[in-house]
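The following report describes a protein fold as it can be read from its coordinates, going from the packing of its elements to its overall dimensions.

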Amino acid sequence: MTDVPFVQPDQPTAAEAIAQLHDELFLFDDWMDRYQFIIERGQALPPFPDALKTEDRLVPGCQSRVWLEPTRQDDRLFFAGASDAPIVAGLVALLLAVYSGRPAAEIRATPAKFLQDWGLIGALSGNRGNGVAAMAARIQRFAQDEA
């Protein structure tokens with residue numbers, strides 16, 4: 001790949017990534033600890049080059065600034081991402097853990113409903129919840145364009 005820090009999958013499938021993230025997130029009983037876990041996931045994202053923090057990579061609809069960069073390698077889509085807000089960077093990290101390194105068909109078949117099911121969207125402010133939905137929709141559009 002290129003010098004861009006595309007996220008490599010830790011799990012062989014999106015479903016397994018979702019299950020692992022669920023188990024890790026729900027080790028914590030309260031939302032403050034869960035938020036800290038999410039923030040730490042964001043801090044662990046590979047550095048996103050400043051040269052890529054351009055308007056065309058910004059995700060519209062996010063309260064914070066979020067950049068996503070896709071690439072295709074063979075039959076898989078890989079994503080790099082960043083945000084200027086720690087909690088949002090963590091949400092980017094969660095989405096990339098699920099979607100990066102997957103075939104477009106698997107991405108299209110895996111809606112980001114898991115974040116709502118976990119109560120994460122409801123625990124965020126309305127604008128942040130909308131931003132997560134915008135990030136997921138952008139990833140889905142990239143996968144749709146590969147159809």
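## Helix and sheet packing

Helix H3 lies across strands E1, E2 and E3, running at about 175° to E2, where helices (H or I, at least four residues) and strands (E, at least two) are DSSP runs numbered from the N terminus, contact means heavy atoms within 4.5 Å, and axes are lines fitted to C-alpha atoms, for helices over the stretch in contact, with angles from 0 to 180 degrees between N-to-C directions. This is a predicted model, in which local features need pLDDT of at least 70 and side-chain atom pairs count only at pLDDT 80 or more, while totals for chains, interfaces and linings use all residues. Residues are numbered from 1 along each chain as its sequence is written, and side-chain values use heavy atoms, with hydrogens and water left out.

The three strands form an open sheet in the order E1-E2-E3 with antiparallel pairing, two strands being paired if DSSP finds at least two bridges between them. Its edge strands are E1 and E3, each of which pairs on one side only. Eight bridges join E1 and E2 in the antiparallel sense, and Glu69 stands opposite Ala80 in E2.

| Element | Residues |
|---|---|
| Strand E1 | 66-73 |
| Strand E2 | 76-83 |
| Strand E3 | 102-103 |

In the loop between E1 and E2 lies Asp74, which has a positive phi of about 55° although it is not a glycine. Most residues other than glycine have a negative phi. Asp74 is exposed, with a relative accessible area of 66%; exposed means over 50%, buried under 20% and partly exposed in between, with a 1.4 Å probe and protein chains only.

The axes of helix H1 (residues 14-25) and helix H3 (residues 86-99) come within 7 Å and cross at roughly 145°. Ala14, Ala17, Ile18 and Leu21 in H1 meet Leu94, Ala97 and Val98 in H3.

## The protein as a whole

Seven helices and three strands make up the secondary structure of the protein, following the pattern α-α-β-β-α-β-α-α-α-α along the sequence. The radius of gyration, taken over C-alpha atoms, is 14 Å, close to the 15 Å that the globule rule (2.2 Å times the number of residues to the power 0.38) gives for 147 residues, so the protein is as compact as a globular protein of that length. Its C-alpha atoms fill a box of roughly 40 × 30 × 25 Å, taken along the principal axes. Of the 147 residues, 48% count as buried.
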